[in-house]
Amino acid sequence: MTPTLTIDGLEEVYDQLAQAIDQAGKQHAELFLVKLALLSAKQLGDASVFGELIETALLDLADPETVQASIPGGA
């Protein structure tokens with residue numbers, strides 16, 4: 001069974017991520033996100049699933065409402 005996060009859990013993750021991006025600063029935000037993605041992929045342990053997550057994350061980046069809807073459990 002795949003572990004899932006509740007809406008509250010997703011909100012907590014979002015807050016943690018936003019704070020970490022702010023802490024990294026504009027100069028290092030991209031590097032921080034790449035490092036976080038690689039650490040997450042290693043923890044996930046499945047390159048094909050990670051690839052699917054990348055594809056989902058790339059969907060409709062220009063439309064915030066669509067982005068919210070593409071997140072499992074999103075509005």
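Reader: Before we go on, what are the ground rules for the model and numbering?
Author: This is a predicted model, where local features need pLDDT of at least 70 and side-chain atom pairs count only at pLDDT 80 or more, while totals for chains, interfaces and linings use all residues. Residues are numbered from 1 along each chain as its sequence is written, and side-chain values use heavy atoms, with hydrogens and water left out.

Reader: Ok, back to aspartate 60. Where does it lie?
Author: Aspartate 60 lies in the loop between H3 and helix H4 (64–70). Helices here are DSSP runs of H or I with at least four residues, strands are E runs of at least two, and both are numbered from the N terminus.

Reader: And what's phi doing at aspartate 60?
Author: Phi there is near 45°, a positive value in a residue other than glycine.

Reader: Zooming out, how many helices and strands are there?
Author: The chain has four helices and zero strands. Along the sequence the pattern reads α-α-α-α.

Reader: What share of the residues counts as buried?
Author: Of the 75 residues of the chain, 4% count as buried.

Reader: Now the packing. At what angle do H1 and H2 pack?
Author: Helix H1 (residues 7–24) and helix H2 (residues 29–44) pack at about 135°, with their axes 8 Å apart. That makes H1 oblique to H2. On the cut-offs, under 35 degrees is roughly parallel, over 145 roughly antiparallel, 65 to 115 roughly perpendicular, and the rest oblique. Axes are lines fitted to C-alpha atoms, for helices over the stretch in contact, and angles run from 0 to 180 degrees between N-to-C directions.

Reader: Left-handed or right-handed crossing?
Author: H1 passes H2 in a right-handed crossing. Right-handed means the near helix is turned clockwise from the far one by less than a right angle, and left-handed means anticlockwise.

Reader: Which residues make that contact?
Author: From H1 the contact uses Leu17, Ala20, Ile21 and Ala24, and from H2 it uses Ala29, Phe32, Leu33 and Leu36. Contact means heavy atoms within 4.5 Å. The residues there divide into eight nonpolar, no polar and no charged. Nonpolar covers Ala, Val, Leu, Ile, Met, Phe, Trp, Tyr, Cys and Pro, charged covers Asp, Glu, Lys and Arg, and the others, Gly among them, are polar.

Reader: Is alanine 29 buried or exposed?
Author: Alanine 29 is buried, because its relative accessible area is 15%. Not counting residues up to four places away in sequence, alanine 29 touches Ile21 and Ala24.

Reader: Next pair then. How do H2 and H3 cross?
Author: The axes of H2 and H3 come within 9 Å and cross at roughly 135°, which makes H2 oblique to H3. Their crossing is right-handed. Ala37, Ala41 and Leu44 of H2 meet Val49, Phe50 and Leu53 of H3. That set splits into six nonpolar, no polar and no charged.

Reader: What does leucine 44 contact?
Author: Leaving aside neighbours within four places in sequence, leucine 44 is in contact with Val49, Phe50 and Leu53. Leucine 44 counts as partly exposed, at 40% relative accessibility.

Reader: And phenylalanine 50, what does that touch?
Author: With residues up to four places away in sequence not counted, phenylalanine 50 touches Ala37, Ala41 and Leu44.

Reader: Last one: where is isoleucine 54?
Author: Isoleucine 54 sits in helix H3 (residues 47–58) and counts as partly exposed at 39% relative accessibility. Isoleucine 54 and alanine 37 are 17 residues apart in sequence and 9.7 Å apart in space, C-alpha to C-alpha.

Definitions and conventions:
Buried < 20%, exposed > 50% of the residue type's maximum accessible area, 1.4 Å probe, protein only.
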